[in-house]
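Dear colleague,

Please find below the structure that I am handing over to you.

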Amino acid sequence: MALRRPHRKSRHGCLECKRRRVKCDEVRPTCSNCAKRHSECEYGSSTSLLWANEEPIISRQSGSRASGSDQGHPGDSLLSSPSTESLGVLSRLGGDGLSASTGTTVTTPASSTALNLHDLELMMHWCNHTHQTLSHNQSTDLVWRNAVTEEALSHPFLMHSILALSALHLSRTGPEAPRRAAYLNRAVTHQNQALALFRELLSDIRESNAKAMFAFAGVVVVYTFGFPQSPDAQDPCTCIEDLYQILVLVRGVQQVIRSPAEYLSHTNFAPIIQIEELNTELPDDASATINDLHEANEVCGARDQAHETEVYTVVIDNVAEMLRWVYGGMTSNVMVGRWAVKLPSRFLELMREREPMALVLLAHFGVLLQYSKHRWCFEDWCGRLAKAVWALLDEGWRPLVHWAMMGILGENYLETVKP
């Protein structure tokens, strides 16, 4: 009788090998079978390495609030509850919204609250690369890499948020194309959990969580700009609507940033709070463009009493200020966010209504994005916005965006925008 060769059973194999009922060599983070099949390799939470306590993150957070350990004094709350409508765009970037907008199927891991080896990979990428997206000098780099990561260990919503951004970064720039869909899947899963936990704390911002809330506000804006565009992204109306949603989000999270900023300016977060004002003189061509915009605005106001002259004046001055920042060397997402939060709320309505003057000024916002193009989250927006504005403007308005179009698409931009 032939003897069967003994073999070691795989009791701790990955979920995919168990589903297929094949032997798993248990290599982490990706076993050989999954590597060959380009499948997402995930190990059950009971056998993977957990970072924090054994109890799930959500129950741990709710338990701490119930016990009153994070309540502080009755008067130490830093912010009353803002409206959560500005967070609506994030709901469109997760769950079923991802499947509808990008054609990618999203699946939620069986144990979505456990941080496993995949999450260790994301955290390494955050510390080595992704945090640099939010920094603009050495001192802010240390805050985003070290201080924010330390805060995330105590605040699950921030942990999920930075892991989401790290996964999104890998899905956009990772060297292994077959794995990018899996990274996008993880990004959505973490972002959904981060948003759910964040909403619970919006009415209870205090010194104990102010750093985490501030960091989350910055991370979520970058995440929203960097999320893959929908299949109909080339439609100009879709582009304007997508940007409108993002600007509403940026202005919404500003409510989170504003109140704790004074407190945070005296902490180790001070470098990312303190922004040096830049008063660089504009080059002659940029200065002439700003003057042309003011003149066109005044002419339109004189011809049409319904023209929102004052609103557009504020936005033109805002563009000029941010261009001074750009020519002074500030090309980080701070500049992009600053432009957005200083917009009059009425301008957002005019932009959504696709009023010609509002579209003209959006093209000049595209110039600001162009100078931040080296950051992966903005690179797709520059040309997309310029082409959308050009398509929506008629011949009478297009001369006003000539300088912006050249700055974004180059001197031969007319060849690029041909229908």
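**Two helix pairs**

Helix α17 (residues 345-352) packs against helix α18 (residues 356-371) at an angle of about 105°, and their axes are 8 Å apart. Helices (H or I, at least four residues) and strands (E, at least two) are DSSP runs, numbered from the N terminus. Axes are lines fitted to C-alpha atoms, for helices over the stretch in contact, and angles run from 0 to 180 degrees between N-to-C directions. α17 and α18 are therefore roughly perpendicular to each other; angles of 65 to 115 degrees count as such, those under 35 as roughly parallel, those over 145 as roughly antiparallel, and the rest as oblique. The contact (heavy atoms within 4.5 Å) is made by F347, L350 and M351 of α17 together with A358, L361 and L362 of α18. Its residues divide into 6 nonpolar, no polar and no charged. Here Ala, Val, Leu, Ile, Met, Phe, Trp, Tyr, Cys and Pro count as nonpolar, Asp, Glu, Lys and Arg as charged, and the others, Gly among them, as polar.

This is a predicted model, in which local features need pLDDT of at least 70 and side-chain atom pairs count only at pLDDT 80 or more, while totals for chains, interfaces and linings use all residues. Residues are numbered from 1 along each chain as its sequence is written, and side-chain values use heavy atoms, with hydrogens and water left out.

Helix α8 (residues 156-173) and helix α10 (residues 207-226) pack at about 25°, with axes 9 Å apart. α8 and α10 are therefore roughly parallel to each other. Residues that make this contact include F157, L158 and R172 of α8 and A212, Y223 and G226 of α10. The contact of α8 with α10 comprises 13 nonpolar, 2 polar and 1 charged residues.

**Two loop residues**

N116 is placed in the loop between α5 (96-102) and α6 (117-128). With 9% relative accessibility, N116 counts as buried, a term that means under 20% relative accessible area, with exposed over 50% and partly exposed in between (1.4 Å probe, protein chains only). A polar atom of the N116 side chain lies 3.0 Å from the backbone nitrogen of H118.

H131 lies in the loop between α6 and α7 (138-152). H131 is also buried, at a relative accessible area of 1%. Neighbours within four places in sequence aside, H131 is in contact with W126, D141, W144 and R145.

**The whole chain**

The chain has 21 helices and 2 strands. Of its 419 residues, 50% are buried.

Conventions
A polar contact is a pair of N or O atoms within 3.5 Å; within protein, one must be able to donate a hydrogen and the other to accept it, and residues adjacent in sequence count only if both atoms are side-chain atoms.
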